[in-house]
Amino acid sequence: MSTRASNRYDAIILGAGAAGMMCALTAGQRGRKVLLIDHADEPGKKILISGGGRCNFTNLHTPPERYLSANPHFAKSALRRFRPEDFIALVERHQISWHEKTLGQLFCDGPARQIVAMLLEECAKGHVELRLGHGVRELEHADGMYRVSFGDEAAAAPALVIATGGLSIPKMGATGFAYDLARRFGLAVVAPRPALVPLMLGKDETLFQSLSGVSADVVTRCGDVAFREAALFTHKGLSGPAILQISSYWTPGEEIGIDFLPQLGSAWLLEAKRSYPRSALRSVLAHALSARLAEALAERIGLSGELANTPDRMLEQAQRRLSDWRFRPTGTEGFAKAEVTAGGISTDELSSQTMQARNVSGLYAIGEAVDVTGWLGGYNFQWAWASGWAAGHAL
């Protein structure tokens, strides 16, 4: 594969998503000659659909412990050097209005396309060359140069950046290309799995299938991890922010626990017996939950009489169950419904300072392709910006 001098670059970046564009604009504005390639026909497709089309572009609170990785310390360097306020400053320079929704989550007031337009404008300032609609046909590495052919073109550079993301949302064009490429260069890959994904329930939970569309403010638990947000019943199982969050920590065969009444005290049901002795459990629950959910929970618990005629011991048992209702999911809805991919290119293979492979000169990996996965709510975009920025400064 030969390349003309005009097709020589300082860096070739594969993937024009959030991380790839951030890396490209950062390196380009530092005077590097950068080529950005993507097989999709437009850049930033996942940006465009994120946050319901408003792009939850970062979170005000992005401590490293809110990221999952085989190496929990790996993300610290990049996240410390490029912070949410740095991206907010960029957004405000482009006069994009935004708002905080809940829990530090920042969204555009207008469409997500504003963020893509901003990144492309910044890439143009760095004279980044963009090639869309052509996947990589060939890739060689010899004599310190990476040679890439795509479409009817070929290019070469001493640096190659893998920014092609993970397996989540294949209908948007997601593939395992990043992992195949990493393995080709001898880099280990932590088994990819769906994260921030709805969970499915088996036939033993058929009682709850009638609740499709019902939501509640709950606390979900898996092991030592807990989240308080909304859970949503679906025709397949459970979804909503609380479930998506806990799904990243769930492994097949494990149970998850749900506290349906986190806002009530530890003895609320005994107190209700004293205050409303003629009431049934169903009607008491309906004061705090939707009528449909209250009815389903009461039916499953099996206490139908008046509270006054129910022994305290049975009420205590019911209260404990409501505060830690156990579900054993049969699986997840898979990469098709997962917002991100957990696992990926092993952080053991990369420098946390530069994102460069330790044993392959000039090879970098950033963003979702790497084994770093954030919580729901802008954390994964912040990792994309931070890891892209780190690599862009190293190129």
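Colleague: How many helices and strands are there in the protein?
Modeller: This is a predicted model, where local features need pLDDT of at least 70, side-chain atom pairs count only at pLDDT 80 or more, and totals for chains, interfaces and linings use all residues. Residues are numbered from 1 along each chain as its sequence is written, and side-chain values use heavy atoms, leaving out hydrogens and water. Helices (H or I, at least four residues) and strands (E, at least two) are DSSP runs, numbered from the N terminus. The protein has 12 helices and 22 strands.

Colleague: What share of the residues of the protein counts as buried?
Modeller: Buried means under 20% relative accessible area, exposed over 50%, and partly exposed in between, with a 1.4 Å probe and protein chains only. Of the 395 residues, the buried share is 54%.

Colleague: Is Cys55 buried or exposed?
Modeller: Cys55 lies in the loop between α2 (45-49) and β3 (58-59). Though not a glycine, Cys55 has a positive phi of about 60°. Its relative accessible area is 0%, so Cys55 is buried.

Colleague: And His127, is that residue buried or exposed?
Modeller: His127 sits in the loop between α5 (113-125) and β7 (129-132). His127 is not a glycine either, yet has a positive phi of about 55°. With a relative accessible area of 67%, His127 is exposed.

Colleague: What do the contacts say about residues 24 or more positions apart?
Modeller: Contact means heavy atoms within 4.5 Å. Among contacts in the protein with a separation of 6 or more, the share from residues 24 or more positions apart is 72%.
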